[in-house]
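This report covers aromatic contacts and a surface patch. The structure shown is a predicted model.

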Amino acid sequence: MTSDSDETSRSPSPPRSPKRPLYFVQSPSRDSNDGYKSSSIQATPSCSSPTDSHSHTSSSRHSRTSSSTRFSGSLRGHRRKNIKGWRECDVIVEEGDYDDVYYDKGFLERCRTFLALLGFVLLFTIFCLSIWGASKPYKPRIKVKNFSVHNFHIGEGLDATGVPTKMLTANCSMKMSVYNPATFFGIHVSSTSVNLMYMQITGASGQLKKYYQPRKSRRTLLVSLKGDKVPLYGAGESLAESDRNGGVPMKLAFEVRTQGNLVGKLVRSKHSRRITCSVVIDSANLRFIKFTENWCTYH
């Protein structure tokens, strides 16, 4: 006698469903600080029966729900850390703005170039001022040595408009010396017109030719003064009277200018001397006049 259980065991079993492959659900670990370094892996077997499928489905849903809960919890914690703890995000955004970086580099380069040029100009200015200050004591020494009268005649004549007046004709020469005491530069020497004057009237004049004089050198110059039939107008009578009484008081007046180029034409050393000498000329006794220190003034 067979029991129902034996019959049930002997009855053919329904065909099994084919095995399904395992799959994995990955969720971020709660203990991970960055959410990427560690992860939990959960294996879920495949179901072989509807009951198993149902239980698998519920288990799967439970697993997904718990995984989602863990992941969202981890993400929320991750976001909180981003907001409160991680400030690297702002730094990364600033470093990504390469236009500002390039602009800062260009601005710094321009500042360096400007400072270098400013330093060079400052040093060059100090150098030029030092040389200019060192050249100031080296003033040229000028001395009028003598005066020679070759011709001095007072006569009657007509001026350019035909007015009769007394006329003066003079031919003279003046000798002077120039000494350059500078040890490191030469000088260019020139002068204004050298005038032989009676009151405010120029009876004869001459010009010193411009020349170059080396350092630590002395040079003697000869300047010729000439006047041809210079009208004297109202001063004619007093000049003739002085000549009859022993001599006509006259005056030599001129200015000597010197210039030394220290650094090309950028730095120059300039000096000038106004010279005035008194002289008495007698037309009846033309002579060589040697000047003493009291006869000339130098300003």
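## A ring pair in helix 4

F120 and F124 both belong to helix 4, which spans residues 98–135; they are four residues apart, so about one helical turn separates them. The structure holds six aromatic pairs. F120 and F124 make a stacked pair, because their ring centres are 6.2 Å apart and their planes meet at 15°, under the 30 degrees that stacking requires.

F120 has a relative accessible area of 54% and is exposed, while F124, at 32%, is partly exposed.

## The edge-to-face pair

Y138 and F185 also pair, here edge-to-face, with 6.5 Å from centre to centre and 80° between the planes. Y138 is in the loop between helix 4 and strand 3 (141–158), and F185 is in the loop between strand 4 (164–180) and strand 5 (187–191), so this pair ties together parts 47 residues apart in sequence.

Y138 is partly exposed at 25% relative accessibility, whereas F185 is buried at 5%. Ring pairs join Y138, F184 and F185 in a cluster.

## The nonpolar surface patch

F120 and F124 are also part of a nonpolar surface patch, together with V121, F127 and L266; the accessible area of the five residues together is about 530 Å². L266 lies in the loop between strand 10 (248–263) and strand 11 (267–281). With 68% relative accessibility, L266 is exposed.

## A charge over a ring

R219 places its charged end over the ring of Y211, at 4.2 Å from the ring centre.

Definitions and conventions:
Residues are numbered from 1 along each chain as its sequence is written. This is a predicted model: local features need pLDDT of at least 70, side-chain atom pairs count only at pLDDT 80 or more; totals for chains, interfaces and linings use all residues. Side-chain values use heavy atoms; hydrogens and water are left out. Patches are made of residues with over 30% relative accessible area and no salt bridge: like charges are joined within 9 Å, nonpolar side chains (Val, Leu, Ile, Met, Phe, Trp, Tyr) within 5 Å. Accessible areas come from the Shrake-Rupley method with a 1.4 Å probe; for residues, only the protein chains shown count as cover. A salt bridge is a side-chain nitrogen of Lys or Arg within 4 Å of a carboxyl oxygen of Asp or Glu. Helices (H or I, at least four residues) and strands (E, at least two) are DSSP runs, numbered from the N terminus. Buried means under 20% relative accessible area, exposed over 50%, partly exposed in between (1.4 Å probe, protein chains only). Rings of Phe, Tyr and Trp (its six-membered ring) pair if their centres lie within 6.5 Å; planes under 30 degrees apart count as stacked, over 60 as edge-to-face and the rest as tilted. A charge sits over a ring if NZ of Lys or CZ of Arg is within 6 Å of the ring centre and within 35 degrees of the ring normal.
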